[in-house]
Amino acid sequence: MPLDLAGVAGLVPSMMFGWLAYVFLASLRAGQDAVITKIAKVDQPDLPQRLVRYTHRLTALWCAYFFVASLAVVICKSIWPLLGPALGIGSVVLYVGEYLLRPVLFPNHLFPSLWEQTRNTAKVWRTRRGRVQ
């Protein structure tokens, strides 16, 4: 029986989203900083507690997004050519939308630019021993 490479390749996006959901979920354990808290602390190591709570909740939101995206890829694999771009656009909307909402929620706090935030995200995602720093 030949190996269905197209079927296996179709699982790659689901596994990617599933892995991201796992990484974000694992960072929500007590006693450690959530992924987005780590990103926020790159520029501001003494992040106020209200922003620590916010970044913790935001990490949970991204975790849910990645989980739903992973399921959507598996359930709707026949429409992947449409779903793939929609999930990419959804990620950008969530990332930029949250960036635009943040100053409204915390008007007295100065935040990094979108470029700096993206740079900080890349810094945090560099791995050491297979773990998100």
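The following legends describe close-up views of a predicted model of one protein.

**Notes for all views.** Because this is a predicted model, local features need pLDDT of at least 70 and side-chain atom pairs count only at pLDDT 80 or more, whereas totals for chains, interfaces and linings use all residues. Residues are numbered from 1 along each chain as its sequence is written, and side-chain values use heavy atoms, with hydrogens and water left out.

**Figure 1. Overview of the fold.** The protein contains 5 helices and 2 strands. Helices (H or I, at least four residues) and strands (E, at least two) are DSSP runs, numbered from the N terminus. Along the sequence, these elements follow the pattern α-α-α-α-α-β-β. The protein exposes about 8800 Å², of which carbon and sulfur atoms supply 69%; accessible areas come from the Shrake-Rupley method with a 1.4 Å probe, and for residues only the protein chains shown count as cover. Of the 133 residues, 33% are buried. In these legends, buried means under 20% relative accessible area, exposed means over 50%, and partly exposed lies in between (1.4 Å probe, protein chains only). Contact means heavy atoms within 4.5 Å. Among contacts between residues at least 6 apart in sequence, 58% join residues at least 24 apart.

**Figure 2. The packing of helices α2 and α5.** Two packed helices are described by the angle between their axes and the distance between the axes. Helix α2 (residues 35-43) and helix α5 (residues 114-125) pack at an angle of about 115°, and their axes are 9 Å apart. The axes are lines fitted to C-alpha atoms, for helices over the stretch in contact, and angles run from 0 to 180 degrees between N-to-C directions. The crossing of α2 and α5 is right-handed. A crossing is left-handed if the near helix is turned anticlockwise from the far one by less than a right angle, and right-handed if clockwise. On the α2 side, the residues that meet α5 are Val-35, Lys-38, Ile-39, Val-42 and Asp-43. Their partners in α5 include Glu-116, Gln-117, Asn-120, Thr-121 and Trp-125.

**Figure 3. Asn-120 and Thr-121 in helix α5.** Asn-120 is found in helix α5, and Thr-121 lies in helix α5 as well. Asn-120 is buried, with a relative accessible area of 2%. Not counting residues up to four places away in sequence, Asn-120 touches Ile-39, Val-42, Asp-43 and Pro-112. Thr-121 is buried, at a relative accessible area of 17%. Leaving aside neighbours within four places in sequence, Thr-121 is in contact with Ile-39 and Tyr-95. The C-alpha atoms of Thr-121 and Val-42 are separated by 8.7 Å, although these residues are 79 residues apart along the chain.

**Figure 4. Salt bridges.** Side chains of opposite charge can pair when their charged atoms come close. A salt bridge is a side-chain nitrogen of Lys or Arg within 4 Å of a carboxyl oxygen of Asp or Glu. The whole structure holds 3 salt bridges. In one of them, Arg-119 pairs with Asp-43, with the closest N and O atoms 3.6 Å apart. Arg-119 lies in helix α5 and Asp-43 in helix α2, so this pair ties together parts that are 76 residues apart in sequence. Arg-119 is partly exposed at 32% relative accessibility, and Asp-43 is partly exposed at 40%. Another salt bridge joins the side chains of Lys-41 and Asp-33 (3.2 Å, N to O). Lys-41 is partly exposed, with a relative accessible area of 25%, and Asp-33 is partly exposed, with 30%.

Figure 5. The side chains of Glu-98 and Arg-102 meet in a salt bridge (2.6 Å, N to O). Both residues lie in helix α4 (residues 80-105), 4 residues apart, about one turn of the helix. Glu-98 is buried, with a relative accessible area of 7%, and Arg-102 is buried, with 9%.

**Figure 6. The nonpolar surface patch.** Leu-11, Val-12, Met-15, Phe-67, Val-68, Leu-71, Val-74 and Ile-75 form a nonpolar patch on the surface, and together they have about 780 Å² of accessible area. Patches are made of residues with over 30% relative accessible area and no salt bridge; like charges are joined within 9 Å, and nonpolar side chains (Val, Leu, Ile, Met, Phe, Trp, Tyr) within 5 Å. Helices α1 (5-26) and α3 (49-75) each supply at least two residues of the patch, and α3 gives the most, with 5 residues. Ile-75 has its place in helix α3 and is exposed, with a relative accessible area of 67%.
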